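Hi,

Here is the structure I promised to pass on. Have a look at it first, then read my notes below.

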Amino acid sequence: MSLRRATVRYAMEGRFLTVCVNPTLQKTLTMKLPLNLGEVNRAAAHRLDASGKGVNVSRVLAQLGARVVHLTQAGGADRQLFLDLCKADAIEVEWVESGNEIRRCYTVLSPGKDGGQHVVTEIVEEGAVVAPETEVALRRAYTSLLPSCHTVIISGSKAPGFSASLFPDMVKEAKQAGKYVVLDFRGADLVNCLPHRPDVVKPNFAEFCETFPPPPATAAGDYVRQRMHTLWEETGATPLITDGPRPTLYVDAHGEVREVPSDTLCDVVNTIGCGDSFTAGLAFELHQQRTDCSATDAMACAIAKGKWCATKNAQLLRPGVIM
């Protein structure tokens, strides 16, 4: 049965609230020569950034001129380093103590063939298991922050130890408070949030197929379009699916699945954080469009902004930046 769509009055004042419960310190290594497994490889340059999907989204929003607060958990010897790096990027962080070391992830940029585009290799550490009291504190902080925000963006996987109900409860609370909600994660967490009617869900093509597997012997492209329409009908959410250099798919206000072509990327340096930069641009423009009722297709405009941010990110060394 289709849900009836009504005009919803969202809070326009305030700021963005980004949530990511798996923070990261991201080490980016630029290699002199192509990566050679089993041998000593020397880096020509390296840098360290606060990262994780929510931090990347927050950094781009801040660079776009938005007010944003990021909610996460943190602990261990590198907690202050993480917070100092966020402060240097003008990211306001609200954090709860987890007692756990912040995970480190590594991006290795090695020269391509004949001096072409970098080969990007990502090495990901898993987060440590958090204690139940960390989730209790995080929920309290979320409830405290929610009234001051107009949009909630929840990104990335949960660190081990958080309950299956955390994200669905956050979405439910935000929607009951009249907030606009954007989700960028996959799997059971996404499925369990859908009954609470988030506004936009943004997995990539592979994540969508992982979350909603196509039946055997079914063309993935046709299935994905049909499943997107079904989700729109059944949950009220707008599915939006990115797919690298291929067109971005979304469901418009009339339930039609539409696509926005992608431009050819030039001068690519580092693609890490492109999806998060897209999310930031998308959410920023959607908020702008909600304050400007003259927009005829707010989602198409927002996707264009997201693609612009993703392109800028790909042309820079740091993850999750547009300048």
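This is a predicted model: local features need pLDDT of at least 70, side-chain atom pairs count only at pLDDT 80 or more; totals for chains, interfaces and linings use all residues.

You'll find Ala90 in the loop between helix H2 (79–88) and strand S5 (92–97). Its phi is positive, about 60°, although Ala90 is not a glycine.

Arg197 is another non-glycine residue with a positive phi, near 60°. Look for Arg197 in the loop between helix H5 (187–193) and strand S10 (200–201). With a relative accessible area of 34%, Arg197 is partly exposed.

Now for the helices. H1 (residues 53–63) packs with H8 (residues 274–290) at an angle of about 50°, and their axes are 8 Å apart. H1 and H8 are therefore oblique to each other, and their crossing is right-handed. On the H1 side, the contact is made by Lys53, Asn56, Val57, Val60 and Leu61, while H8 brings in Asp276, Ser277, Thr279, Ala280 and Phe284. Sorted by class, that contact has 5 nonpolar, 3 polar and 2 charged residues.

Last, the inside. In soluble globular proteins, nonpolar side chains tend to be buried together. Here the largest nonpolar core has 41 residues, and Leu17, Tyr142, Ile154 and Leu183 have the most contacts inside it. Beyond its neighbours within four places in sequence, Tyr142 is in contact with several residues, including Leu17, Leu71 and Met170. There's also a second, separate core of 29 residues, with Val200, Val268, Phe284 and Ala310 among them.

Cheers

How values were computed:
Residues are numbered from 1 along each chain as its sequence is written. Side-chain values use heavy atoms; hydrogens and water are left out. Axes are lines fitted to C-alpha atoms, for helices over the stretch in contact, and angles run from 0 to 180 degrees between N-to-C directions. Helices (H or I, at least four residues) and strands (E, at least two) are DSSP runs, numbered from the N terminus. Angles under 35 degrees count as roughly parallel, over 145 as roughly antiparallel, 65 to 115 as roughly perpendicular and the rest as oblique. A crossing is left-handed if the near helix is turned anticlockwise from the far one by less than a right angle, and right-handed if clockwise. Contact means heavy atoms within 4.5 Å. Ala, Val, Leu, Ile, Met, Phe, Trp, Tyr, Cys and Pro count as nonpolar, Asp, Glu, Lys and Arg as charged, and the others, Gly among them, as polar. A nonpolar core is a set of buried Ala, Val, Leu, Ile, Met, Phe, Trp, Tyr and Cys residues joined through side-chain atoms within 4.5 Å. Buried means under 20% relative accessible area, exposed over 50%, partly exposed in between (1.4 Å probe, protein chains only).
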